[in-house]
Amino acid sequence: MKIRFQCFLVTAQTLHMGKAAEILFLSQQAISEQIKRLEKEYDTTLFYRKPKLSLTPSGMILLEAIEKIAVIETNLKHELNSIANDSEGRIRFGIGTYRLHDAILGIILDFHQHYPKVKIDLLYDDNVQLEKLLLNGKIDLFTGFNTPSHSEFEKTTLLEDENCLLIPEKLLHSFYGESEIKEISQKGIYIKEIERLPFLANYLEGALWKSYQRELDQKEIKLNVVFSSNDMTDLIHLCSLNYGAAFCPSSLDKTILHYNLSTNRNNKLELIPIVDLALVNKVEMVNHKRIFKSSYLSHFINLIQTSRLTSSLTGE
C-alpha cells in the first residue's frame, strides 16, 4: 500500500497525527505532508482540523475505499501462498470475550492435528478494535458480543445469552431486607433495585457495556459503578470479595457453581434473573465477506461453528 494511504488510514483510525506518527515510525510533519498530498491529488478536504481532528464526508469515503484495498492486498498474499502450499500459513484470530478462551484452545488443538504447519496468532481485544482490524485486513476473523451489523461482515451466532445479576450473599443481605430478598428469590430483581448497589462494570468503552448502557439510559437508571474491567474473571473474583455486584451471562451458571464449591463457600455468589433487562447477548463469530478463505481457514471456521464450541460455552 502506498505510504500516503498508510498515513491517511492510521490517522483516520486514531484521529491523532501524533499517534499515527508513532505507529508508522514517521514524524508528525511527514504524516501531515502525506495527507496534504492526498487532499491535493483528490482536490478535496479529508479532515476537519478544528475543534479536533475528524473525518469529512470525503474522508469517510476514502477510508472505506482504503480499507477495501487493505483487504484486497491481504487476499492477494493469501491466494499466492495458497497456490504455493495450502497446508502452510497463518490464521490471525481475535477474541473479544474471555468466555471463549478455554473452548478456543480446544479447537486450536483439534485444528493442529489437521494442519500442523499453520500458525495461529491470538489477539484479545475489545469488539470495537477487532472490528477495525477486520476491516483493515489485519485479522482474518474474530469472536465477540453483540457485533454491530456491517455491509462487509458475515456473522454467525454461536450462542444467545440472557443476563443475570451476580451478587454475593453478604452483599445481598447488606442492601436488602428479608422480605425483599424473599421476593427477589421468587421473581427476580428489577433494574431500579440494582441502583443502590456498588457495581462492577464491564469495560466502559467496550461494545458490551455500551449495549447495557443504552438500555439503562432508556430506563433512566444510573448505576453506582465502582470498578470496570474487560475480564469477567476479575468481576467474578471481586464479587466474591463483597466488592460489588455485576451483570453476568446466565450460561456461566456452572462456572459460578464450581466457584462456590471450590473457593467461595463462606460468601456464595448468587445469579439472579433481571426481570426488566430485555438485552440478550449474542456470542458471534465474524469474518470479512471479501477475505480469501484458504482450505485451512475454512476448516478453522467450520470447527468454530460446530456444537463442540457452543457446548463448551454453556458447560454441558
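**View 1. Cys-248 is a buried cysteine of this predicted model.** The relative accessible area of Cys-248 is 0%, and values under 20% count as buried. The cysteine sulfur nearest to that of Cys-248 belongs to Cys-164 and is 7.1 Å away. Cys-248 takes part in no disulfide.

**View 2. Trp-209 and Tyr-212 form an edge-to-face aromatic pair.** The ring centres of Trp-209 and Tyr-212 are 5.7 Å apart. Their planes stand at 65°, and because angles over 60 degrees count as edge-to-face, the pair falls in that class. The count of aromatic pairs in the model is eleven.

**View 3. Helix α9 carries both Trp-209 and Tyr-212.** This helix covers residues 207-218. Trp-209 and Tyr-212 are three residues apart, which is about one turn of the helix. Trp-209 is buried, at 4% relative accessible area. Tyr-212 is also buried, at 2% relative accessibility.

**View 4. Five aromatic residues form one cluster.** The members of this cluster are Phe-93, Phe-111, Tyr-115, Tyr-296 and Phe-300.

Key:
Residues numbered from 1 in each chain as written. Predicted model: local features only at pLDDT ≥ 70, side-chain atom pairs only at ≥ 80, totals over all residues. Heavy atoms only, no water. Disulfide = S-S within 2.5 Å. Buried < 20%, exposed > 50% of the residue type's maximum accessible area, 1.4 Å probe, protein only. Phe/Tyr/Trp six-rings, centres within 6.5 Å; stacked < 30°, edge-to-face > 60°. Helix = DSSP H or I, 4+ residues; strand = E, 2+ residues; numbered from the N terminus.
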